[in-house]
2 protein chains.
Amino acid sequence: MQKVTIELLQAIRRKPISKAELVRLTKYSLAIVTEHTEILLEKNFVREIDRGPSTGGRKPLLLSFNAEAGYIVAIDLESTNVRVGITDLNCNILVSESLDDIDVLAGPTTVLEQVKELVFALLHRVGIESPQIKGIGMGVPGPVEYSVGLPASLSIMRGWDRYPIRQFWSQYFQCPCYVDNNVHTMAIGEQMLDLESKIENLLFLKIGNGIGAGIICKGQIYRGSTDCAGDVGHINMGHDILCYCGNRGCLEAFAGGRAIAARAEEMARNGQSEVLGEIYSKKKKLTLVDVRQAVEVADPVAVELMRECGVAIGNVLAGLVNFFNPSLILIGGGVSQVGDVLLASIRQAVYQRALPLSVRNLVIQYSSLGENAGIVGAAALTVDEIIDNNAFVYTDAH
Amino acid sequence: MQKVTIELLQAIRRKPISKAELVRLTKYSLAIVTEHTEILLEKNFVREIDRGPSTGGRKPLLLSFNAEAGYIVAIDLESTNVRVGITDLNCNILVSESLDDIDVLAGPTTVLEQVKELVFALLHRVGIESPQIKGIGMGVPGPVEYSVGLPASLSIMRGWDRYPIRQFWSQYFQCPCYVDNNVHTMAIGEQMLDLESKIENLLFLKIGNGIGAGIICKGQIYRGSTDCAGDVGHINMGHDILCYCGNRGCLEAFAGGRAIAARAEEMARNGQSEVLGEIYSKKKKLTLVDVRQAVEVADPVAVELMRECGVAIGNVLAGLVNFFNPSLILIGGGVSQVGDVLLASIRQAVYQRALPLSVRNLVIQYSSLGENAGIVGAAALTVDEIIDNNAFVYTDAH
């Protein structure tokens, strides 16, 4: 397909649209729009649908993306779990499931075999065959050299350095595969929800064991010069805790999931919190889930701990808001499930510290896709890429 | 002009280029490229030039932008001075001059009259008449609501709030006028120098009395959601000095030009530096120029002061490098003229604190355009806009 055809298909994919609206949106002439949408109709990438009941006169037709022209395998790998979904080309999830017994440190061979088992189980469940899959999208918990899909030198994914993930999937599927840092896919997923609106600049902040941001800039994912943009977990907030990166003062060494659990354990051992102390004396360790439980029963020490984390995160975010001036910040990741106290403290710190003009229209809220953000985004990324790269072939096999 | 014509003209503007290269670069077919370059040749926006001595066979022709189809008035307003240039459409400066007796706080009516006098003096000097001016570009030292060209609520430009600068110029020129924060125009100017290369993501950091950044993202200026992206001077670095913004800890309250002069005065009064003390006892105050002189004679106290500022700026930049992952950071503004000690300390702090992958290809250097960055950028912005907005009309008036 030519560049113009591709651009029109990407516009139609966003929402059903008339030719007149396409002219206005893309600034191509009606003659060019007509010529290229004919090609798309012929190829079956696009269908004509009714606009709904006519209000007199002829019924205008809308062009609509043919989302059933194939399916996508979408994978969201985290350090201790994986979520897999099968979606149509509009990124609607047909079926999805998580595995919680993953250990990313077991290495790519072991982990990818586990993921593959789950992928084929899900395909079987919905009766979709491998040739109907048009693309595979996979998010991983660390930086990826995106153009080749190779994990970059990682701390959290030891043993995966430059492992050829695309090649692994090519053993089973005859379609393109795209691999990206999962904070990027999560940001893409959230934007996917919002394709029709005007939110052009957003940050998706994932607060898990690590802390990272996915950046949508002028409507597109921004990866930076060495594909590691958004690595905000190691921004210096000025404390004395040593981080695994070798520096002191990193945000994630204070407010990441593991750091929170470690501080909660210390508080339990010191007798500062009865609630945490009780759990600790039973389990001899504390996790984020225990902290969450303590917050839920309104243990003041646990609430104060989360408030401190929220303020720390908010102070760093305030600087990024001054710099990037987004209109939306979405907070996701395991730590965000701790509840409203975290969000409230993040907001408080951002609105206090960032410049008034920067936050004039800024909305800060929890991710709306929750645990599905990563797979919706992996699917959206994949559909975008196969269209842009002309790798989109319609088959009637399904 | 149609969208395709505009896109081709923008590509030709970057460097003389053959039709075959245009096909490769823009991904349009040769038929489309030929059709639209014919239009550009006809309109006189583009000329055919020789590729130079042929190496046998026919001499291939290059398409070249007709930079003499008009001229641009480019203005770079700072809080205490203004620089004006007249450029051709390739942003080559024909004539330029600065006025140093500007006080932005005197308000727009007074200041714009001074600037206007200089503009007409320069036009007269090079024999260019007002109808030959195709556009006016003006940078100002603070945030601007770009789409309408109105200064936003400012601290440094009191009295300019929403003043209609465009309307002022429309009294004298029948052409479009674009107004932007001058950190943005400076970043555009630096990128203009580099149109042929691959530097897609760069930061221009201006360290003057205020500290601000211009962001080039995927080859284009990035202004953010309320046009105030890059306002990094108020990022919290954790000190106790009260900033005029009402917060404590702001970078510019520690490392901006006024802050440096104030700290130097204190050191002079305390007898910490003989060199500074001598200047102070004569002048009863110190400016950045005095600090620079002290650094030039290797006064250890002044050198240490600049080193501290460099490290502070570098620590904030390190966080922005983790977030934005640029491949180039350019340092400009009055404070940067203090010399190499500042640049060395900035580099040291960035390379120490930022993630190794983020700085793998990162270059940090002083601005190469120096005092002309703002006017070259204002001209480049203006040419871009008049082409993109179809406001570019060729006249043979010159």
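Leaving aside its neighbours within four places in sequence, which residues is B:Leu63 in contact with? This is a predicted model, and the contacts of B:Leu63 in it are with B:Ile12, B:Pro16, B:Ile17, B:Thr37, B:Val46 and B:Glu48. B:Leu63 belongs to strand S2 of chain B, which covers residues 61-65. With 24 other C-beta atoms within 10 Å, B:Leu63 counts as buried, because the cut-off for a buried residue is 20 or more. B:Ile39 lies 24 residues from B:Leu63 along the chain, and the C-alpha atoms of the two are separated by 12 Å.

In chain B, the axis of helix H1 (residues 3-14) and the axis of helix H3 (residues 30-42) come within 9 Å and cross at roughly 80 degrees. H1(B) is therefore roughly perpendicular to H3(B), since angles of 65 to 115 degrees are classed that way. On the side of H1(B), the contact is made by B:Val4, B:Thr5, B:Leu8 and B:Leu9. H3(B) contributes B:Ile32, B:Val33, B:His36, B:Thr37, B:Ile39 and B:Leu40. Sorted by class, the residues of this contact are 7 nonpolar and 3 polar, with no charged residues. One of the residues from H3(B), B:Thr37, is also among the contacts of B:Leu63.

Two loop residues of chain B can be considered next for their backbone angles. Most residues other than glycine have a negative phi. B:Lys284, although not a glycine, has a positive phi of about 60 degrees. B:Lys284 sits in the loop that runs between helix H9 (274-283) and helix H10 (288-296) of chain B. B:Asn325 also has a positive phi, near 50 degrees, and is likewise a residue other than glycine. The loop that holds B:Asn325 lies between helix H11 (300-324) and strand S13 (328-332) of chain B.

Are these two residues buried or exposed? B:Lys284 has 8 other C-beta atoms within 10 Å and is exposed, whereas B:Asn325 has 28 and is buried.

The overall form can be described on chain A. The chain has 13 helices and 14 strands. Its radius of gyration is 23 Å, which agrees with the value near 21 Å that a compact globule of 398 residues would have. Along the principal axes, the C-alpha trace of chain A spans about 75 × 50 × 40 Å. Buried residues make up 49% of the 398 in the chain. Counting contacts in chain A between residues at least 6 apart in sequence, 63% join residues at least 24 apart.

How are the two chains related? Chain A is superposed on chain B by a rotation of 180 degrees with 0.0 Å of shift along its axis, at an RMSD of 0.1 Å. The two copies are thus related as by a two-fold rotation axis. Both copies use the same surface, and 100% of the contact residues of chain A recur in chain B.

Between the chains, 41 residues of chain A are in contact with 41 residues of chain B. On the side of chain A that touches chain B, the elements giving two or more residues are strand S11 (211-217) and helix H11 (300-324) of chain A. H11(A) gives the most, with 7 residues. By class, the residues on this side of chain A are 17 nonpolar, 19 polar and 5 charged.

Note on methods. Residues are numbered from 1 along each chain as its sequence is written. Chains are lettered from A and ligands numbered from 1 in the order in which they are written. This is a predicted model: local features need pLDDT of at least 70, side-chain atom pairs count only at pLDDT 80 or more; totals for chains, interfaces and linings use all residues. Helices (H or I, at least four residues) and strands (E, at least two) are DSSP runs, numbered from the N terminus. The radius of gyration is taken over C-alpha atoms; the globule rule is 2.2 Å times the number of residues to the power 0.38. A residue is buried if 20 or more other C-beta atoms lie within 10 Å of its own, exposed if 12 or fewer, and partly exposed in between; C-beta atoms are placed from the backbone. Two residues are in contact if their C-beta atoms, placed from the backbone, lie within 7 Å. Copies are superposed by least squares on the C-alpha atoms of residues with pLDDT of at least 70 in both. Ala, Val, Leu, Ile, Met, Phe, Trp, Tyr, Cys and Pro count as nonpolar, Asp, Glu, Lys and Arg as charged, and the others, Gly among them, as polar. Axes are lines fitted to C-alpha atoms, for helices over the stretch in contact, and angles run from 0 to 180 degrees between N-to-C directions. Angles under 35 degrees count as roughly parallel, over 145 as roughly antiparallel, 65 to 115 as roughly perpendicular and the rest as oblique.
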